Amino acid sequence: MPTHLGDPQSNIVGGVSVARATHTSSGNGSGVDLGVADGQAFAIIPTETVTDGVHTITFEESKNDNTADPEAADPYTAISPVTSRVVALTEDNLFLIVNFFRRKRYVRAVKTVSGTTTGAVYSVGVFGAKKFY
């Protein structure tokens, strides 16, 4: 389906999956509802101070945003091909954009953090362009 970004404020939907904080441990972000978006999606990862550790961001998708019930019809699964970006020690004060194709309604970021004591400051937003019929 065609998309139009001439007016980003009106034509992009999404939200924050991983809130801005000093990250020192691994964890799942919140699911972001992209139900009214086209299949193409993107994440924005602004980094601030990266003191130590390796911070890898990957993305998962789900039909129903169910994270608590392992018997649910559709738990989160990795987006394939796996889309990731390693936020390394030298990547202070960057604005990273990662593009990917999603097949399901909800997308969340997953942060895998290792080798850190003081961590890194960043957030992850997930967005998509609204469908136009």
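**Figure 1. Overview of the fold.** Helices (H or I, at least four residues) and strands (E, at least two) are DSSP runs, numbered from the N terminus. The elements of this protein run α-β-β-β-β-β-β-β-β-β-β from the N terminus on. That comes to one helix and 10 strands. The model is predicted: local features need pLDDT of at least 70, side-chain atom pairs count only at pLDDT 80 or more, and totals for chains, interfaces and linings use all residues. Residues are numbered from 1 along each chain as its sequence is written, and side-chain values use heavy atoms, with hydrogens and water left out.

**Figure 2. Surface and contacts of the whole protein.** The protein has 133 residues, and 44% of them are buried. Buried means under 20% relative accessible area, exposed over 50%, and partly exposed in between (1.4 Å probe, protein chains only). The accessible surface comes to about 7,100 Å². Carbon and sulfur atoms hold 53% of this surface. Areas come from the Shrake-Rupley method with a 1.4 Å probe; for residues, only the protein chains shown count as cover. A contact means heavy atoms within 4.5 Å. Take the contacts between residues at least 6 apart in sequence: 83% join residues at least 24 apart.

**Figure 3. The largest nonpolar core.** A nonpolar core is a set of buried Ala, Val, Leu, Ile, Met, Phe, Trp, Tyr and Cys residues joined through side-chain atoms within 4.5 Å. The largest one here has 22 residues. L34, I57, F59, F100, V107, V124 and V126 touch the most other members. Strands 1 (12-23), 4 (37-50), 5 (54-62), 8 (95-101), 9 (106-114) and 10 (120-130) each give two or more residues to this core. Strand 4 gives the largest share, five residues. What does V126 touch, leaving aside residues up to four places away in sequence? Its contacts include V13, V32, L34, F42, F59, F100 and V107.

**Figure 4. A stacked aromatic pair.** Rings of Phe, Tyr and Trp (its six-membered ring) pair if their centres lie within 6.5 Å; planes under 30 degrees apart count as stacked, over 60 as edge-to-face and the rest as tilted. The structure holds two aromatic pairs. F59 and F100 form a stacked one, 4.8 Å centre to centre, with 20 degrees between the planes. This pair links distant parts of the chain. F59 sits in strand 5 and F100 in strand 8, 41 residues apart. F59 is buried because its relative accessible area is 3%. F100 also counts as buried, at 4%.

Figure 5. Two strands pair if DSSP finds at least two bridges between them. The strand order is 1-10-4-8, with antiparallel pairing. Strand 1 and strand 8 are the edge strands; each pairs on one side only. Strand 4 and strand 8 pair in the antiparallel sense over seven bridges. P46 stands opposite F95 in strand 8, and A43 stands opposite V98. In a regular strand the side chains alternate between the two faces of the sheet. Strand 8 has a covered face, L96, V98 and F100. Its uncovered face holds F95, I97, N99 and F101.

**Figure 6. T118 in its loop.** T118 lies in the loop between strand 9 and strand 10. Is T118 buried or partly exposed? T118 is partly exposed, because its relative accessible area is 43%. Leaving aside residues up to four places away in sequence, T118 touches T22, T24, T51 and D52. T118 and D52 are 66 residues apart in sequence, yet 6.5 Å apart in space, C-alpha to C-alpha.
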